[in-house]
Each structure stands twice: as C-alpha cells, then as structure tokens.
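Me: I'd like to learn how to read a model like this one, feature by feature. Could you walk me through it?

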Amino acid sequence: MTSQFELVNTFKAVLELCELKQGETLAVLTENGERATYADAYMVAASEFGANVFQVNLTKKMLKPGTRGKTTSLTNNRPAIKALQSAN
C-alpha cells in the first residue's frame, strides 16, 4: 500500500513535469468521491507549488439499459464545465 507521503511526492513529480507554477489554478475532477486519496494527494502536491487548487466531485451518471452512446458526468453539465475551464 502506498502512503499518502509517497503519493504526494509522486504527484509533485508529475506536476513538476507539467510545469505547474505558483498562482496557477489546478482542478481535480472526481466522480462519487472515487480515488479520494489520489485527489487529496494531488491537491496537497499542487498547494506545495503555491498553486490554487479545487476539486469538482460529480455524481456518476448511470445509463439506462439499452442506451447507446457515450455520456459522462460532464455531459450537459455546464456549471461543472465552466468551473473546470477556470483552471490553467
């Protein structure tokens, strides 16, 4: 099992490769609180860069049986899309 400390250091390395800078905004998108440990570690890592960070946690959409096509929790969710677009 990976510790929170190890996850934060791993995600700091990822964010360094992304060239995250102080004052930039990072959004963490999750569904139903899944992988909360990862989301938390990303937010801590981004904070250590001096970035502004926020999480958007959406309810996972369940497709009706027989439904075709691809939809996600972001499909037609204008407020969530707008929030995510505010990130760098």
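Reply: Let's go from the whole chain down to single residues.
Reply: Before that, some ground rules: this is a predicted model, where local features need pLDDT of at least 70, side-chain atom pairs count only at pLDDT 80 or more, and totals for chains, interfaces and linings use all residues. Residues are numbered from 1 along each chain as its sequence is written, and side-chain values use heavy atoms, with hydrogens and water left out.

Me: How many helices and strands are there in the protein chain?
Reply: Helices (H or I, at least four residues) and strands (E, at least two) are DSSP runs, numbered from the N terminus. Here you get three helices and two strands, and from the N terminus on they run α-β-α-β-α.

Me: What radius of gyration does the protein chain have, and what would a compact globule of 88 residues have?
Reply: The radius is taken over C-alpha atoms, and the globule rule is 2.2 Å times the number of residues to the power 0.38. That rule gives a value near 12 Å for a compact globule of 88 residues, but this chain has 15 Å. Along the principal axes, its C-alpha atoms fill a box of roughly 45 × 35 × 20 Å.

Me: Where does Ser73 lie, and what does its side chain make a polar contact with?
Reply: Ser73 sits in the loop between strand 2 (52-58) and helix 3 (78-85). A polar contact is a pair of N or O atoms within 3.5 Å; within protein, one must be able to donate a hydrogen and the other to accept it, and residues adjacent in sequence count only if both atoms are side-chain atoms. The Ser73 side chain makes one with the side chain of Glu31, at 2.3 Å. Plain contact means heavy atoms within 4.5 Å. Leaving aside neighbours within four places in sequence, Ser73 is in contact with Glu31, Leu58, Thr59, Lys60 and Lys61.

Me: How do I read aromatic pairs, and how many are there?
Reply: A pair of aromatic rings is described by the distance of the centres and the angle of the planes. Rings of Phe, Tyr and Trp (its six-membered ring) pair if their centres lie within 6.5 Å; planes under 30 degrees apart count as stacked, over 60 as edge-to-face and the rest as tilted. By this rule the count is two aromatic pairs. Phe11 and Tyr42 form a stacked pair, 3.9 Å centre to centre with 10° between the planes. Phe11 is in helix 1 and Tyr42 in helix 2 (residues 36-48), so the pair ties together parts that are 31 residues apart in sequence. Phe11 is buried at 8%, whereas Tyr42 is partly exposed at 25%. Together with Tyr38, Phe11 and Tyr42 form one aromatic cluster.

Me: One more loop residue: which residues is Glu24 in contact with, leaving aside its neighbours within four places in sequence?
Reply: Glu24 is in the loop between helix 1 and strand 1 (25-31), and its contacts of that kind are Glu19, Ala51, Asn52 and Asn88. A polar atom of the Glu24 side chain also lies 2.7 Å from the backbone nitrogen of Lys21. With a relative accessible area of 25%, Glu24 is partly exposed.

Note on methods:
Buried < 20%, exposed > 50% of the residue type's maximum accessible area, 1.4 Å probe, protein only.
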